[in-house]
Amino acid sequence: MKAFGYDHNGDADVFEEYDVPTPEISDDQILIKTEAFNLNNFEKSMRAGEWRPATHRVIPGRDVAGTVAKLGKNVTGFKIGDRVVAHGHGAYAEYAYAAAAGTVKIPAGVTFAQAAGIVTPGITAYKAVYYFGEVKKGQTVVVKGASGGVGSLAVQLALNLGAQVIGIGASRNEAYVKSLGVAEYVAYNKQDPALILANRADVVINSAINGAGSDSDAQIVKDNGIIVSVGGDEPLSNKPFQFKSISPTKAVSDAKALTTLLDLMAEKKVSIRIGYQLPFTIAGVIQGHQLLSKQHDGRIIVTQEAS
């Protein structure tokens, strides 16, 4: 099968096209014929060697959407040809694989590109809102990085729970975030969010890159409120609050998060902004990773439909 990967670190052009064996699956896994995969910043960092050096061939990718090609002997509830999405493995290839327990059927009306694009940001946003943030109807929720993949989905999930949501981001993204239904938007390049929103949030969700500007989170949150962050640095403050860094947890399954997100997407209550749909070619993958390294709006999806 065709796969896209690298055997050493570097810029986007280290990617090569390989002819590799189709993955063998275990009894509890599903083989997925890939129709679309989503590119994430973590994959860019891995490729660049920011985590650890590549010492062997790597076929990256976790966010995959496609059709069921083969089922492990213990797998039930799926059939060959089902449209599915998963937080799987080896997505940058014609075939990927995933645990059946983490694979979800794609509802009618949701495209492969939309399904792939929602996986990593959607699971993160779901955990931020439902588990770590414990968002409830009537609360005021402030979302930093509200235009990004995680932030925009956190905004929509909190709104669907009946919260009042305030977004923080750059002024160029104001129209987009307001279109999601936020009650208020603060452009950090024009105003100081910590002053404008002081002591107003029951929950602050900081989805900015690496949890940027964390100290202002403590000024925005109410006494005894909750701060949830994609970063790990707790704000410096004497104010009483709970700080929760978004981290892997078995308390919330990927399948539950994806099912909720996809159902809301099918009902037109949640959307994901796709900025680029690139061809399922080595050129498409290289272009996608070049875009990851620049300022970009929306998810970057490699899809068979664009080839």
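## Two crossing helices

Helices α3 and α8 are roughly perpendicular to each other in this predicted model. Angles of 65 to 115 degrees count as roughly perpendicular, and the axes of α3 (residues 119–132) and α8 (residues 254–266) cross at roughly 95 degrees. The two axes come within 9 Å.

On the α3 side, the residues that meet α8 are V119, G122, I123, Y126, K127 and Y130. Their partners in α8 are D254, K256, A257, L258, T260 and L261. Sorted by type, the residues of this contact are seven nonpolar, two polar and three charged.

## Two domains

The domain assignment divides the protein chain into domain 1 (2–119 + 253–303) and domain 2 (133–245). Taken over C-alpha atoms, the centres of the two domains are 28 Å apart. Where the domains meet, 11 residues of domain 1 are in contact with 10 residues of domain 2.

## Nonpolar cores

In soluble globular proteins, nonpolar side chains tend to be buried together. Here the largest nonpolar core has 52 residues. Those with the most contacts inside this core are V85, I118, V141, V143, L157 and I205. Both domain 1 and domain 2 supply at least three residues each to the core. Another core, of 29 residues, lies apart from it and includes V84, Y92, A96 and F280.

## Around V143

What does V143 touch, leaving aside its neighbours within four places in sequence? V143 is in contact with G151, A154, V155, V165, I166, G167, I168, I205 and S207. One of these, I205, is also listed with V143 among the residues with the most contacts inside the largest core.

Key. Residues are numbered from 1 along each chain as its sequence is written. This is a predicted model: local features need pLDDT of at least 70, side-chain atom pairs count only at pLDDT 80 or more; totals for chains, interfaces and linings use all residues. Side-chain values use heavy atoms; hydrogens and water are left out. A nonpolar core is a set of buried Ala, Val, Leu, Ile, Met, Phe, Trp, Tyr and Cys residues joined through side-chain atoms within 4.5 Å. Buried means under 20% relative accessible area, exposed over 50%, partly exposed in between (1.4 Å probe, protein chains only). Domain bounds come from an automatic or database domain assignment. Contact means heavy atoms within 4.5 Å. Axes are lines fitted to C-alpha atoms, for helices over the stretch in contact, and angles run from 0 to 180 degrees between N-to-C directions. Helices (H or I, at least four residues) and strands (E, at least two) are DSSP runs, numbered from the N terminus. Angles under 35 degrees count as roughly parallel, over 145 as roughly antiparallel, 65 to 115 as roughly perpendicular and the rest as oblique. Ala, Val, Leu, Ile, Met, Phe, Trp, Tyr, Cys and Pro count as nonpolar, Asp, Glu, Lys and Arg as charged, and the others, Gly among them, as polar.
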